[in-house]
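Please read this report with the sequence and the structure side by side.

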Amino acid sequence: KMHESSRWSSIHTTGQPGAALATIAGLPPALCLCWVVNPCRVVSKTRRRCYAAVSYATLNGHLIAGEELMEVWLDHADEVSFRVSSYSRGAGWLGKALFVFLAGTQRQFF
């Protein structure tokens, strides 16, 4: 759902642990018609009565090397909390060169 409000990116997956997924992203058409497919894999998926989490990691070919964990839980006071943990860096020469610009855009998804 984190890419749901974006007009220039999306995620495609079955969502099962170990399943491959791809983030498809591009520059807005007004700038140019450049698109990139970034492969990832779901590495864990947890669902309990008052807690749920999913994490995925990037695979070779992704512009960013890293992992994201998204958690949501209901505490004893019936308060809902949500946490995103993300660890990333540029991958390969192109990813490292672009990461200076990509790092700032990651904030808009959360």
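The model is a predicted one, in which local features need pLDDT of at least 70 and side-chain atom pairs count only at pLDDT 80 or more, while totals for chains, interfaces and linings use all residues. Residues are numbered from 1 along each chain as its sequence is written, and side-chain values use heavy atoms, with hydrogens and water left out.

**Overall make-up**

The secondary structure comprises 1 helix and 6 strands, where helices (H or I, at least four residues) and strands (E, at least two) are DSSP runs numbered from the N terminus. Read from the N terminus, the order of these elements is β-β-β-β-β-β-α. Of the 110 residues in the protein, 27% are buried; here buried means under 20% relative accessible area, exposed means over 50%, and partly exposed lies in between, with a 1.4 Å probe and protein chains only. The accessible surface of the protein is about 7800 Å², and carbon and sulfur atoms hold 59% of that surface; such areas come from the Shrake-Rupley method with a 1.4 Å probe, and for residues only the protein chains shown count as cover. Among contacts with a separation of 6 or more, 25% are between residues 24 or more positions apart, a contact being heavy atoms within 4.5 Å.

**Strand pairing**

Two strands are said to pair if DSSP finds at least two bridges between them. Strand β4 (residues 51-58) and β5 pair in the antiparallel sense over 7 bridges, and Y51 stands opposite W73 in β5. Between β4 and β5 lie the 5 residues of a hairpin, in whose turn G61 has a positive phi of about 100°.

On to the next pair: strand β5 (residues 64-74) and strand β6 (residues 80-90) are also joined in the antiparallel sense, over 11 bridges. In β6, Y87 is the bridge partner of E67, and R89 is that of A65. The hairpin of β5 and β6 likewise has 5 residues between the strands. Which residue of this hairpin takes a positive phi near 60°? It is D78, a residue other than glycine, located in the loop between β5 and β6. Most residues other than glycine have a negative phi. D78 counts as exposed because its relative accessibility is 61%.

**Charged and polar side chains**

A salt bridge is a side-chain nitrogen of Lys or Arg within 4 Å of a carboxyl oxygen of Asp or Glu, and by this rule the count comes to 1 salt bridge. R83 forms a salt bridge with E71, and the closest N and O atoms are 2.9 Å apart. Because R83 lies in strand β6 and E71 in strand β5, the pair ties together parts that are 12 residues apart in sequence. R83 is partly exposed, at a relative accessible area of 40%, whereas E71 is buried, at 9% relative accessibility.

E68 lies in strand β5 and is buried, with a relative accessible area of 9%. The table lists two polar contacts of the E68 side chain, a polar contact being a pair of N or O atoms within 3.5 Å; within protein, one must be able to donate a hydrogen and the other to accept it, and residues adjacent in sequence count only if both atoms are side-chain atoms.

| Side chain | Partner side chain and distance |
|---|---|
| E68 | Y56, 2.7 Å |
| E68 | S86, 3.4 Å |

**A nonpolar surface patch**

On the surface, W93, L94, L98, V100 and F101 form a nonpolar patch with about 610 Å² of accessible area together. Patches are made of residues with over 30% relative accessible area and no salt bridge, with like charges joined within 9 Å and nonpolar side chains (Val, Leu, Ile, Met, Phe, Trp, Tyr) within 5 Å. V100 lies in helix α1 (residues 92-106) and is exposed, with a relative accessible area of 64%. W93 lies in helix α1 and counts as exposed at 72% relative accessibility. W93 and L63 are 30 residues apart in sequence, while their C-alpha atoms are 9.0 Å apart in space.
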